[in-house]
Amino acid sequence: MKLYRILQSQGFGSRKGCVAQVRAGTVAVNGVVCDDPEAEFDTTGLELGLDGVAWAYRDKAYVLMHKPAGYECSHHPSHHPSVFSLLPPPLLQRGVQCVGRLDQDTTGLLLFSDDGQFIHRMISPRKGIAKIYRATCAEPVTDAMLEALRKGVMLNDEPAPIAALACERLDAATLRLTLAEGKYHQAKRMIAATGNRVETLHREAIGSHVLPADLPPGNWRWLETTDLQQLEQSWPSAKS
Ligand code: URA
């Protein structure tokens, strides 16, 4: 692929802008400056350097974030800053989207990608990928509450009861809740249906992929091939 097109594909600007960056001598490929925008490179394992900053070529972008509280999962937030403001410009330029949404006050694991098929597979209700939340509640977590969540609770606008895939008490007012779907405010509404109220909600994992313990709130990280394989193995259809 031509160098200026490689830069464009990675979100480094318009055709004209990418051509200009290369001509200015600010772009290195595999450690060697190249000032020919039309130079052809094999993109496999390609390492770009832009103004001395390393950037590995990626055909598609897959990213995880530790979402902090007080950020909206929207390009047009209404009351809080957007989670997209926590990502670098090239990722925004190449059009990454949230893989499902978290409420502004929910923290934890949030995925982004520019691979539409991946997003679709991850959020498809037919796949039923487990989303694992830790919820602290206003009232104590009772056995009756856990049983109701396991058996299924009625939510407004839903024709049938919705059950948790799993739930367990972690301490007097905290529970871990595993959901197969990603309905609007689902964890909060399910807990409200039991007569309790969520005070804080944190997504710990999606399928078998756990939020890295060393990733501080507001930070993001690339998902590598092994991470993606782990996510793929979370899909029930991939297991059968
Ligand atoms: N369920 C909720 O109620 N809120 C979230 O952000 C995610 C799941």
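On a 1 Å grid over the protein atoms alone, a pocket is an open set of points where a 1.4 Å probe fits, with protein on both sides within 12 Å along at least five of seven lines, and a molecule sits in a pocket if more than half of its atoms lie within 2 Å of its grid points. The model is predicted, so that local features need pLDDT of at least 70 and side-chain atom pairs 80 or more, whereas totals for chains, interfaces and linings use all residues. Residues are numbered from 1 along each chain as its sequence is written, and side-chain values use heavy atoms, without hydrogens and water.

**Exercise 1.** Locate the ligand and classify the residues of its shell.

The ligand sits in the largest pocket. Its surroundings (a heavy atom within 4 Å) include Y133, A187 and L201. By class, four shell residues are nonpolar, three polar and two charged.

Note on methods
On a 1 Å grid over the protein atoms alone, a cavity is a set of points where a 1.4 Å probe fits but cannot get out, and a pocket is an open set with protein on both sides within 12 Å along at least five of seven lines; lining residues have an atom within 4 Å of a point. Ala, Val, Leu, Ile, Met, Phe, Trp, Tyr, Cys and Pro count as nonpolar, Asp, Glu, Lys and Arg as charged, and the others, Gly among them, as polar.
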